Amino acid sequence: MRDLARPRRPWDRTPPADREYFDVLGPGLVALLPGRRPDESAGGGWRPPTGGAWLHVDPQGNAIAFTGKAEVGQGTRAALTVVVSDGLRVSPDRVDLVMGDTDLCPWDMGTFGSRSMPDAAPALGSVAGGARTALIGLAAERTGRPTSELDAEDGEVRLRDGGGAISYGDLVRDRNRLVTVAALESWVPTPKGRSPPAFPPKPGADIVTGARVYGSDLHPSGLLYGALLHPPAYGARLASVDLTAVERLADVTIVRDGSFVGVVAPTLRAARAAVGEIRATWDRTNQPDEDSIEGYLRAHPMEGDFWDQEEDTAGDVDAAYGRAPVTIAQTYRTAFIAHVPLETRSAVAEWDGPRLTVWVGTQTPFRARDTIAEGLGLTPEQVRVIVPPTGAGFGGKHGGDLGIAAARLARAAHRPVRLAYSREEEFRFAYFRPMSVIDVRAGTDREGRLVAWAFHNINGGSAALLAPYRVTDRRVDNELSLSPLPQGSYRALAATANNFARETAIDELARAAGVDPLAMRRMNLDDDRLRAVLDRAVERADWHRWSRVPGRGHGLAVGLEKDSRVATVAEITVSEDGRVRLDRLVTAFEAGAIVHPENLRSQVEGATTMGIGGALFEAVRFEAGSVKNPHLAQYRVPRFSDLPELVVELVDRPDLPPSGAGETPMIAVAPAIGNAICDATGTRVRRLPLTPDGRIPGPDSR
Amino acid sequence: MTEIELRVNGSLRTVATQPDRSLLAVLREDLRLTGTKYGCGEGECGSCTVLLDGEAVRSCQVSVSEVGSRSVTTVEGLAKDGRLNPVQQAFVELGSFQCGYCTPGMVVRATALLRSNPMPSREEIRRGLEGNLCRCCGYAGILRAIERAVELAQGARRDL
Ligand code: FES
Ligand code: FES
């Protein structure tokens, strides 16, 4: 990426006319899509605010586009580059994308909830298409021909009659032209027949040679290392602190501000050793243990209304349940799990007079900027957050707390400071995917048609709460609890829990009604796209030709979240002593138009494989508010030996805008495996992880 | 502080350090060779894998004073004259990374594997890389890349 000068003020906080685009980017053409506040949405209904987008074309004919989304390892950059190149009609190797820099990029809510493509593709498609139109306009001025006789293709504007072409670079030379463009409602790739979008050059030479500089690799000159004093348990408060031993150390700066205690030293080890010398006492609060946690969550609902709540009630579910000839009433549970990004959280802070730059691998750079400004008593204009290449987030890298801490330490040390969590800190002091408890009461008629569906989710969140099944008498809702452990965003968090409960319950109903689980789903599904995905998965898996062998089982599950659809078939072998080996996972997935097939396939493969961890063995163990397994040797994540044969079927819908692909592929994995376990052994496990100690649990703890 | 001489990627480097610091810390902090990653510091993830006299080791588990006269090869030292080695080339060709943070460790480990066993079976690759974690869980793609690297190395009769 080009090195760009820092604007006087962040562009998202400067009126468009006052942004010094051409000072920073040089002469050329800028296409600007203004932002939109939520109340400005036309036609009623809340739409998320956006910060718009902008794009610059320079006299060499290269384009640089700006989006507030961050790339934290999910491959958005490649797909968005295709969008820009497709709209502008230039080869993708001429497109540069600036992401997640709060001084230069349009404001954005954050990179989560599979919103990257749905938000950024239309925004970047708008500026790219708008710039193309403006370039055609410039060519019309230059040639005196009407725009109807001009076409843009491959970085130049051509006369349709073959009478020559002018390159984009020539058209914008010596100009400082700003055009405002209108927003596209949605973006779909150029229909086949025109030039199909090309793919950006293969990235990654910098990755395989170790040259890519991640946040934890940054080394501004004069860098020092920070470390923090942490509480021994969640909810513990600092009662007293004795710093005398540390104050004697040479080269160590100590910062104490209320309950914040941190040190700065020339090496990371010296910083950690200095923290080890601090004597502190803590007041601990009572925290529930694993045994009492379910009762605790049930007894501690959060009061009031929350955004993460949904409800869908119709008919009289209690009466319908009472009448139904086939019923189940069960509770399903999912554990707290950890994100475990391979790069632990880190931040580097550097002051330049009153202005602060923080490099932090955050999924929400603008929110992080505002939190950092607030935390340090600065204006947002004084703070620049840059998202460097980041070793993944999975929902775990929201906000800017580490940035605030690093900035405080840097201010005291008068030098740039890096703060990076150790793996143990990452386990202990991050937040987790919430634990959930889900009560289901449901019934069918004798043929397996759903007639009653009561689904109540405690603490698991609302995404994918509503069933994709047709049922007249229903009550579906969720509540949130006061968690005994810090909980927060996680890749597909609620959808995983809701889908596990729902798709397990559907299987239980099918068994109880004596109906084939596939027929049961086909009969009740209320979504044609999902049915099509299910059909693809079972066809690929040869579901009907499965031959029953003792110890082997297969199971299936479907899921719909954020307009993406998935169906998964799991095939397993269970050993005599209850160990589960996953032989094959067949996944069919549809997320609208496919923009970048290679990237999409790798997202689907990665998500399903990651789903195996939460399905089979991942769980944060805790006691009295502290984590009992804060090491990779104790908290198992999927390894090579866990990898089954993966079959991925991508269903392309070029007529539909692309929806998110980072989350949905994983949500059918756990129930498919659980259903396969039941198929193989007759044992129903209603709790994630399914094999907490490496085996299918005994009757008491299912 | 002790002065320690290290042979890293073919050149001799001298560092003044406490001798019990890990090789990983010295590579990253003192020599600024940040291609070798910290993932756990506990020998559990393989992100910090380097070659010591050609043998793949976890640099977080080796103190800098233990290295002695052995030559250290980090991920930065695998490409020769700007030419990627077959493993690196295969990862790029197949795009076998998402965040890419595990990739240097994977590439180094796979390079060592193919040097000692140029025609590994799929099972041998899986076993050889069992100690390297990819939290983006791109194992399927990584496996394909290493199988592709075997082809590339064979086809070009290239050394790793
Ligand atoms: S950092 Fe050395 S094995 Fe994880
Ligand atoms: S690509 Fe992210 S950890 Fe492997």
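This is a predicted model: local features need pLDDT of at least 70, side-chain atom pairs count only at pLDDT 80 or more; totals for chains, interfaces and linings use all residues.

Reader: Why is A:Trp11 called buried?

Author: The relative accessibility of A:Trp11 is 0%.

Reader: How many aromatic pairs does the structure hold over all chains?

Author: There are ten aromatic pairs over all chains.

Reader: Why is the pair of A:Trp11 and A:Trp54 called edge-to-face?

Author: Two values are needed. The ring centres of A:Trp11 and A:Trp54 are 6.4 Å apart, and a pair requires centres within 6.5 Å. Their planes stand at 75 degrees, and planes over 60 degrees apart count as edge-to-face; the pair is therefore edge-to-face.

Reader: What makes this pair a tie between parts of the chain?

Author: A:Trp11 belongs to the segment before helix H1 (21-25) of chain A, whereas A:Trp54 belongs to strand E2 (residues 53-57) of chain A. These parts are 43 residues apart in sequence, so the pair ties them together.

Reader: Why is the pair of A:Trp11 and A:Phe66 called edge-to-face?

Author: The centres of these two rings lie 6.3 Å apart, with the planes at 70 degrees. The limits are within 6.5 Å for the centres and over 60 degrees for the planes, so the pair of A:Trp11 and A:Phe66 is edge-to-face. This pair also links distant parts of the chain: A:Trp11 lies in the segment before H1 of chain A and A:Phe66 in strand E3 (residues 63-67) of chain A, 55 residues apart. Both A:Trp11 and A:Phe66 are buried.

Reader: Which residues do ring pairs link into a cluster?

Author: The cluster consists of A:Trp11, A:Tyr21, A:Trp54 and A:Phe66.

Reader: How do you know that A:Arg636 lies over the face of A:Phe617?

Author: A:Arg636 is at 3.8 Å from the ring centre of A:Phe617, and the distance limit is within 6 Å. The term also needs a position within 35 degrees of the ring normal; A:Arg636 is listed as lying over the face of A:Phe617. A:Arg345 likewise lies over the face of A:Tyr431, at 5.6 Å from the ring centre.

Reader: What makes helix H1 (residues 23-30) of chain B largely enclosed?

Author: Seven of the eight residues of this helix are buried, so the rest of the structure largely encloses it. The buried residues of H1(B) are B:Leu23, B:Leu24, B:Ala25, B:Val26, B:Leu27, B:Arg28 and B:Glu29. They pack against elements of both chains, including strand E9 (224-228) and helix H7 (268-276) of chain A, and strand E1 (2-8) of chain B. After H1(B) comes B:Arg32, with a positive phi near 55 degrees.

Reader: Why is the contact of B:Lys37 with A:Asp217 called a salt bridge?

Author: The closest N and O atoms of B:Lys37 and A:Asp217 are 2.4 Å apart. A salt bridge needs the side-chain nitrogen of Lys or Arg within 4 Å of a carboxyl oxygen of Asp or Glu, so the term applies to B:Lys37 and A:Asp217. Chain B and chain A have six salt bridges between them.

Reader: How many residues does the contact take from each of these chains?

Author: It takes 50 residues from chain B and 52 residues from chain A. The buried area is about 4300 Å², with 56% given by carbon and sulfur atoms. On the side of chain B, B:Gln98, B:Arg135 and B:Tyr139 supply 19% of the area buried against chain A, more than any other three residues.

Reader: Is A:Ala624 buried, exposed or partly exposed?

Author: The relative accessibility of A:Ala624 is 34%. Buried is under 20% and exposed is over 50%, so A:Ala624 falls in between and counts as partly exposed. A:Ala624 lies in the loop between strand E26 (622-623) and strand E27 (626-627) of chain A, and has a positive phi near 45 degrees.

Reader: What is the term for A:Val340 on the scale of accessibility?

Author: At 5%, under the limit of 20%, A:Val340 counts as buried. The phi of A:Val340 is also positive, near 50 degrees.

Definitions and conventions. Residues are numbered from 1 along each chain as its sequence is written. Chains are lettered from A and ligands numbered from 1 in the order in which they are written. Side-chain values use heavy atoms; hydrogens and water are left out. Rings of Phe, Tyr and Trp (its six-membered ring) pair if their centres lie within 6.5 Å; planes under 30 degrees apart count as stacked, over 60 as edge-to-face and the rest as tilted. Helices (H or I, at least four residues) and strands (E, at least two) are DSSP runs, numbered from the N terminus. Buried means under 20% relative accessible area, exposed over 50%, partly exposed in between (1.4 Å probe, protein chains only). Contact means heavy atoms within 4.5 Å. Buried area is the accessible area (1.4 Å probe) that two parts lose on being put together, summed over both.
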